[in-house]
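This report describes selected side-chain interactions and the surroundings of particular residues. The structure under discussion is shown below.

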Amino acid sequence: MKFSEIGLDKNIQKAIDDLGFKSATPIQQEVIPFLLNSKDDLIGLAQTGTGKTAAFGMPILNKIKISQKKPQTIILCPTRELCLQITKDMQTYSKYIKGINITAIYGGANIQPQIKSVRSGSQIIVGTPGRVIDLINRNSLMLDNIEFVILDEADEMLNMGFKDDLDTILAKTPQNKQTLLFSATMPKEVMRISKNYMRHPKTIEVANRNEGAENVEHNYYMVNARDRYKALRRICDV
């Protein structure tokens, strides 16, 4: 399926054309039309490297109310690096949409600029669970108007010990929202989240579970602990 056939807003399509994207990946072919036409919850099972960010990001951008300068979407992810990557991708897809504001909030950085960005009227929040709770506790992030919750790499968030944080955040979002959960695997804790916080979700699975993406090559090197940094430097140089 070509992106031009999906029915995305012309400003998003223009950004897609700039990127040179022509055909959607399998997860995008399934998820984007579903989200454009449905308010039902969704579980997407797909590995890293399959195009999940575009799969949920493009239809979410299509539905954002630009005139409302309050958080309407919150995207939760396990790491600072993924948070920044998702934010960058979302900003790329929305570069022709005037008035859109996407804010990344994550630990290990000054919290004040993040608070300022949220308060300036951000419609989309991309965050790591710990820093999201920090802003909630400071009354700097209100989730009362959230319409879309996306849990990206849910299994990794749970592996990293964010179970209680996710419960706290999800409990503060409105009941009448659309929840999207993306994960490479479906362990018991991910199933628990889907049962507790999702309503009759549709499941879209585009690959065998626990199977690596075909277009990602995996390598590892055995080194002494004291040599890890030097080894990483050398790999990066190569």
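K163 and D167 are separated by about one helical turn, because they lie four residues apart in helix α8 (residues 163-171); helices are DSSP runs of H or I with at least four residues, strands are runs of E with at least two, and both are numbered from the N terminus. The two side chains form a salt bridge, defined as a side-chain nitrogen of Lys or Arg within 4 Å of a carboxyl oxygen of Asp or Glu. The model is predicted: local features need pLDDT of at least 70 and side-chain atom pairs count only at pLDDT 80 or more, whereas totals for chains, interfaces and linings use all residues. Residues are numbered from 1 along each chain as its sequence is written, and side-chain values use heavy atoms, with hydrogens and water left out.

K163 is partly exposed at 31% relative accessibility, whereas D167 is buried at 17%. Here buried means under 20% relative accessible area, exposed over 50%, and partly exposed in between (1.4 Å probe, protein chains only).

The structure holds eight salt bridges, among them the following.

| Salt bridge | Closest N to O distance |
|---|---|
| K163 and D167 | 3.7 Å |
| E189 and R192 | 2.9 Å |

E189 is partly exposed at 33% relative accessibility, and R192 is partly exposed at 22%. A network of salt bridges links K163, D164, D167, E189 and R192.

Strand β5 (residues 148-152) contains D152, which is buried at 2% relative accessibility. Beyond residues up to four places away in sequence, D152 has contacts (heavy atoms within 4.5 Å) with several residues, including K52, F56, C77 and F182.

Which cysteine sulfur is closest to that of C83? The closest is in C77, at 4.6 Å, too far for a bond. A disulfide is a pair of cysteine sulfur atoms within 2.5 Å, and a search of the whole structure finds zero. C83 is buried, with a relative accessible area of 0%, whereas C236 is exposed at 61%.
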